[in-house]
Amino acid sequence: MDITDLQRNPLAEFETWFDLAVKSGEKHPDAMTLATCTKGAVPSARVVLYKGLSKGAFRIFTNLESRKARELISNPRAALAFHWKQLDRQVRIEGRILSMPRKEAEKYFHSRPRTSQLGAWASKQSTVIPNREALIGRLRHYEMLFEGREVELPKHWGGFLLVPERIEFWIDGEFRLHDRFEYTRKVPARGKPGAWKRVRLSP
Ligand SMILES: Cc1cc2nc3c(=O)[nH]c(=O)nc-3n(C[C@H](O)[C@H](O)[C@H](O)COP(=O)(O)O)c2cc1C
């Protein structure tokens, strides 16, 4: 494969790859590793779900008091990695983190099944709990609290947007001679991002 086989806009290329992954029968094509870092440069990683693009930024939803959220707030840079086994492909994304507008988070929250909405109330994500019963007890409490009415968006739940500065497309190749195509651009804290530049990297 040659670099000119890829689209000039890496976000459009990402969407093409994501569609291929969905069609490939991959069980969780939307599962991606999210790496965050504390202010003191201690990294951590976990899998989260990709929830589409919003004006060119990758959407993530989570508990805003979780470990990942605390790290994203205190050090607003992150990295994502998708691995699609069926395709033998990987996409790596790095960039700046922005908080998602509450309206957008609310719209997504209400599109989720009611049980997931209640689960968001019940779970104080990343905190210590004595046992599973304690969690189920909290779920029952919120089931009763919201009985017969819409489940409100909890203050402690919402989304983040990752504005990409670097996107790398990786395709498995023969003799470990994989293809790697890297797109980079500058994203200033304020104002418009620069234009994308692309290069081929050695595997
Ligand atoms: C396939 C998969 C999808 C997941 N999706 C999410 C998600 O979208 N949001 C989320 O907060 N946690 C998700 N999780 C759970 C996280 O991996 C993690 O356990 C949790 O968010 C707590 O992480 P933290 O303590 O680093 O904040 C997912 C886990 C798996 C295995």
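**Entry 1: Arg180**

I started with the neighbours of Arg180. Not counting residues up to four places away in sequence, Arg180 touches Arg92, Arg166, Glu168, Phe169, Trp170, Val199, Arg200, Leu201, Ser202 and Pro203; a contact here is a pair of heavy atoms within 4.5 Å. Arg180 is part of strand S8. I read helices (DSSP runs of H or I, at least four residues) and strands (DSSP runs of E, at least two) as numbered from the N terminus.

Is Arg180 buried or exposed? Arg180 counts as buried because its relative accessibility is 15%. My scale is this: buried is under 20% relative accessible area, exposed is over 50%, and partly exposed is in between, with a 1.4 Å probe and protein chains only.

I also looked for a polar partner. The side chains of Arg180 and Glu168 make a polar contact at 2.7 Å. For that term I need a pair of N or O atoms within 3.5 Å; within protein, one must be able to donate a hydrogen and the other to accept it, and residues adjacent in sequence count only if both atoms are side-chain atoms.

**Entry 2: a note on the model**

This is a predicted model, so I keep to its limits: local features need pLDDT of at least 70, side-chain atom pairs count only at pLDDT 80 or more, and totals for chains, interfaces and linings use all residues. Residues are numbered from 1 along each chain as its sequence is written, and side-chain values use heavy atoms, with hydrogens and water left out.

**Entry 3: the whole chain**

I counted 5 helices and 9 strands in the chain. From the N terminus on, their order is α-β-β-β-β-α-β-β-α-α-α-β-β-β. The C-alpha atoms fill a box of roughly 60 × 40 × 30 Å along the principal axes. Of the 203 residues in the chain, 41% are buried. I then checked contacts between residues at least 6 apart in sequence, and 64% of them join residues at least 24 apart. The chain has an accessible surface of about 12,000 Å², and 54% of that belongs to carbon and sulfur atoms; these areas come from the Shrake-Rupley method with a 1.4 Å probe, and for residues only the protein chains shown count as cover.

**Entry 4: Phe58, Ile93 and the cores**

Which residues touch the most other members of the largest nonpolar core? Phe14, Phe58, Val91 and Ile93 do, in a core of 30 residues. By nonpolar core I mean a set of buried Ala, Val, Leu, Ile, Met, Phe, Trp, Tyr and Cys residues joined through side-chain atoms within 4.5 Å. Several elements each supply at least two residues of this core, among them helix H1 (10-23), strand S1 (31-37), strand S6 (89-99) and strand S7 (157-171). I also noted a second, separate core of 17 residues, with Ala120, Val151, Leu161 and Val187 included.

Phe58 sits in strand S4 and counts as buried because its relative accessibility is 0%. Phe58 and Leu162 are 104 residues apart along the chain, yet their C-alpha atoms are separated by 5.0 Å. Leaving aside neighbours within four places in sequence, the contacts of Phe58 include Leu11, Phe14, Tyr50, Ile93 and Leu162. With neighbours left out in that way, Ile93 is in contact with residues including Phe14, Phe58, Ala78, Phe82 and Leu162.

**Entry 5: the ligand**

Next I listed the residues around the ligand: Arg46, Val47, Val48, Leu49, Phe61, Thr62, Ser66, Arg67, Lys68, Gln125 and Ser126, each with a heavy atom within 4 Å of the ligand. Strand S2 (43-49), strand S4 (57-63) and helix H2 (67-74) each supply at least two residues of this shell, and the largest share, 4 residues, comes from S2.

- A polar side-chain atom of Thr62 lies at 2.7 Å.
- An N or O atom in the side chain of Gln125 is at 3.0 Å.
- A polar backbone atom of Arg67 is at 3.3 Å.

How much of the ligand does the protein cover? On its own the ligand has 620 Å² of accessible area, and the protein covers 63% of it.

**Entry 6: two positive phi angles**

Most residues other than glycine have a negative phi. I found that Ser126 has a positive phi of about 75 degrees, although it is not a glycine. Ser126 lies in the loop between helix H4 (114-122) and helix H5 (132-145), and counts as partly exposed because its relative accessibility is 47%. Asp88, also not a glycine, has a positive phi of about 55 degrees. Asp88 is in the loop between S5 and S6, and at 39% relative accessibility Asp88 counts as partly exposed.
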